[in-house]
Amino acid sequence: MESIQYKKVNEPELTLKQWFKNVYEAVVTTAKGLGITFKYVITNSTVTIEYPEVREELPANSRSRLYNDADNCISCLQCSVACPVDCIYIAAVKRPADAPKIKTKDGTPIRLDLKQYTIDTALCCYCGLCTTVCPTECLTHTTDYEYASYTLANMKYDYLAPDIRAWRTRIVKD
Ligand code: SF4
Ligand code: SF4
């Protein structure tokens, strides 16, 4: 059987000068790292928080868990069309002709009854495109980052479910 011949890779020769240079760089970079550590030890600066007793307040424009204020959603589908990962599921039916005329808070007529509005946050990449195109601005990001889950199924949020309203009251500051 024919044996395979491997070529030896030529490594540069380690000269005494290069060896001292390597040792010097190792000492300098270690000293720099320790310098940063001791700076925090000496100045007693706090760099962590005692989560969950203390919670970080994210900036107002953070792109975290999405919220759809379903009462102001006109079922236009623009958010789901814009979504690059197709993780918004919407179902709606035409309102009966004799049903009372209703509008969103910005005055847009609601001609469809929203039957399902679900976002699979396990798929969401938090790009924000869906909120940008929403004509009534009912779809927004919140600053909530505490929604880890043990199952993927639990990461699908039904925005017509009553527990969503309870969650909104906890997290969204008007
Ligand atoms: S933030 Fe991006 S990925 Fe997430 S639901 Fe909106 S459009 Fe889709
Ligand atoms: S873009 Fe806004 S109004 Fe249209 S379906 Fe999505 S959330 Fe509702």
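Let's start with pLDDT, which is the predictor's confidence in each residue, from 0 to 100. We need that because this is a predicted model, where local features need pLDDT of at least 70 and side-chain atom pairs count only at pLDDT 80 or more, while totals for chains, interfaces and linings use all residues. As for labels, residues are numbered from 1 along each chain as its sequence is written, and chains are lettered from A and ligands numbered from 1 in the order in which they are written.

So, how confident is the model? The mean pLDDT of the protein is 90, and 94% of the residues score at least 70. Helix 2, residues 78-82, has the highest confidence at 98, and helix 4, residues 162-171, the lowest, with a mean of 80. When I say helix or strand, I mean DSSP runs numbered from the N terminus: H or I over at least four residues for helices, E over at least two for strands.

Now the overall layout. We have 4 helices and 5 strands, and from the N terminus they go α-β-α-β-β-α-β-β-α. There are two domains, domain 1 at 14-47 and domain 2 at 66-171, with bounds from an automatic or database domain assignment. Their centres, over C-alpha atoms, sit 51 Å apart. The C-alpha trace spans about 90 × 65 × 30 Å along its principal axes. The radius of gyration is 28 Å, whereas a compact globule of 174 residues would be near 16 Å; that is taken over C-alpha atoms, and the globule rule is 2.2 Å times the number of residues to the power 0.38.

Pairing here takes at least two DSSP bridges between two strands. Strand 3, residues 112-120, makes 3 bridges with strand 5, and T118 has D158 as its bridge partner there.

Finally, the ligands. Ligand 2 has 15, and the closest are C73, C76, C79, C134 and L139. To count, a residue's C-beta, placed from the backbone, must lie within 6 Å.
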